[in-house]
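This briefing covers a ligand site and a sheet, in that order. The sequence and structure come first.

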Amino acid sequence: MTKKLYLETFGCQMNVLDSDLIASRMVGAGYVLEEDRDKADVVLFNTCSVRDQAENRALSHAGNMVHLKRRRPDVVVGIVGCMAQNKQKEIFDQLPHVQLVVGPRKMGAIPRLVSEIQATGQRRMAIEETDEEFIDGSEAVQTRSTQFQSYIKAMEGCDLSCTYCIVPTTRGKEVSRSPEVIVDEVRRLADQGTVEITLLGQTVNSYGKGRKPYVDLGGLLRMVHEVDGIRRIRFITSHPSFVRPSLVEAMRDLPKVCKYLHIPAQSGSNRILKAMRRGYTQEKYRGIVDTLRENVPGIEIASDWIVGFPGETEEDFDATVDLMSEVRFQNSYVFRYSPRPGTVAIPMGDDVSEEEKKRRNQILLDLQGEIASEKNQTRIGTIEEILVEGPSKRNPLRQTGRTDTHQAVHFEAERDLRGKFVKVKIVDSTALSFRGELV
Ligand code: SAH
Ligand code: SF4
Ligand code: F3S
C-alpha cells in the first residue's frame, strides 16, 4: 500500500518552500500527501523558532501526536526545520514519541532517515550545518502549492548578528545558489506555467556573497528578467545595509521586477538600533528610502518592527512612531520582543512588560492602519493590473488578485480567473485592500 505523508508548516516563506521540497522528495520516495494526520504513516512538522509563540505552537501540535502514536506505533513523527536545529536533542528529551529531528540544511536526507526509522525503530537526528544535502529544489516542482506563483531559493542563512535573532543559529552561514542554476529553475517553472517568481533569502539582497564570479542581486534580477513567460519578479527579505545602486537600478530599469521593497527598520531609535546591532541609524534608513523613492517611481516600502526590545524607553518608542509616521510605509509587520535563549540580547533582560509591549504594538498597528488607509484612498479611480490568486472560499464569484506593489484587490467575476493578469478599476479601499471592477 502507498504510504501517506502529513506535513504541516509553521514560519516564513522559506519554510513554505522547504515543505514543498520535502514533499517532493517524499513523493519521489513513493509517498502521497495526506491531509488528515490520523491517516498518515509519517507526520512531519516543519517548524519556526523566531519567537517563543512559534515554537510553542509547533511543540503543542507535535505533542498531541502522542495519542496517534499510541494507537498506531508504526507512525513516524518528526520535527524538522528551524526549531529542530535550535533545540536538537532537547526535542527527543521533551517528546519521547518524536523519532526524527532534521535541521534546515539536512532536509534532503529526510526520506532516507524515515526509512531507517521504519526499518530499525531507532531515532534519527540530522542537524549539522553542511551543503552536502542543501536542497536546491531543481527537481522539486511537482508538489508546489501553486503553479503560477513560485518561490525560489536564492540564498539561505544569515551572516549578520542582530542581537535578538535566532535565525543565524537555525539557518547557518550564508550560502548563495549559482545564478545559472537559479535561471535554469526559473526557466523550467516558466515552462510549467509559472508567471510570478519570488526569490527568497534571509537577507536576499546580500545575494552572491563569496561567489566567483560575483553576481549580486541586481545582476541576478537582470538574468532572471530575460526568461520568457515570467511576468513578475519579487524578492524577500531585504536588509537596509545591502540596498546597493545595482539593486536600485534593477528595480528602476526592469519592468518585470515589482516595485515593492520589504526592508525591515525594526526601530526608529538609534540607541535601540545599536543595541540590536542592525548596522544603520534611523537617518541612514531614511536616506535609503529617499534614494529608492527618487529613483524608482511608484515604489512602495514595507517594514518589520520589534516593540519592547530590552531597554526600550518611551522616548525610544516615540522615535519609532516618528519613523513610521514620516516614512509612510505601505505595510508594517509589528512583533513583540521575544527573548530567544542563546542570543546576545539575553543578558540584556526583558524589562518591558508584556502589557506595555501590547500597548506599543497596538499604537503602531493603529498608526500603520491610518497611513495605509490614507495612501490607499488616493488610488481610487486608477486602473491596476493584477495577478488573480483565486476565488474566495465562501463566495466563488468574489476573487482576489494582487497589484505589482503586493496589495490585494477584491473583485467579482463570473469565471475563475486564477493565474491570469486582468485590469481592474479601483472603486474602494481600506487599510489592507482594495475593491475593484473588471475593465
Ligand atoms: N531575515 C529577515 C527577517 C527574519 S525574522 C530580516 O532580517 O529582515 C522576521 C522578523 O521577525 C524580523 O524582521 C523581526 O522583526 C522579527 N523578529 C526576529 N527575532 C525576533 C524576536 N526575538 N522577537 C520578536 N521579533 C523578532
Ligand atoms: Fe535575523 Fe538580523 Fe539576520 Fe534578519 S538580518 S535573519 S533579523 S540576524
Ligand atoms: Fe522562522 Fe526559521 Fe523562517 S526561525 S522565520 S522559519 S528562517
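A backbone N or O atom of S338 lies 2.8 Å from a nitrogen atom of ligand 1, a polar contact being a pair of N or O atoms within 3.5 Å. The protein buries 89% of the 540 Å² that ligand 1 exposes when taken alone (Shrake-Rupley areas, 1.4 Å probe). This is a predicted model, in which local features need pLDDT of at least 70, side-chain atom pairs count only at pLDDT 80 or more, and totals for chains, interfaces and linings use all residues. Residues are numbered from 1 along each chain as written, ligands are numbered from 1 in written order, and side-chain values use heavy atoms, without hydrogens and water.

**Ligand site**
- An oxygen atom of ligand 1 is 2.7 Å from a side-chain N or O atom of Q266.
- A polar side-chain atom of R51 lies 3.0 Å from an oxygen atom of ligand 1.
- Around ligand 1 there are 14 residues (a heavy atom within 4 Å), and R51, Q202, Q266, D304 and S338 come nearest.

**Sheet**
- An open, parallel sheet has 6 strands in the order 2-1-3-4-5-6 (strands are DSSP runs of E, at least two residues, and helices runs of H or I, at least four; a pair needs at least two bridges).
- Strand 2 (31–33) and strand 6 (124–126) are at the edges with a single partner strand each, so one side of each has no neighbour in the sheet.
- Strand 5 (residues 100–102) is joined to strand 6 by 3 bridges, and V102 stands opposite A126.

Definitions and conventions
Polar contact = N/O pair within 3.5 Å; in protein donor to acceptor, adjacent residues only side chain to side chain.
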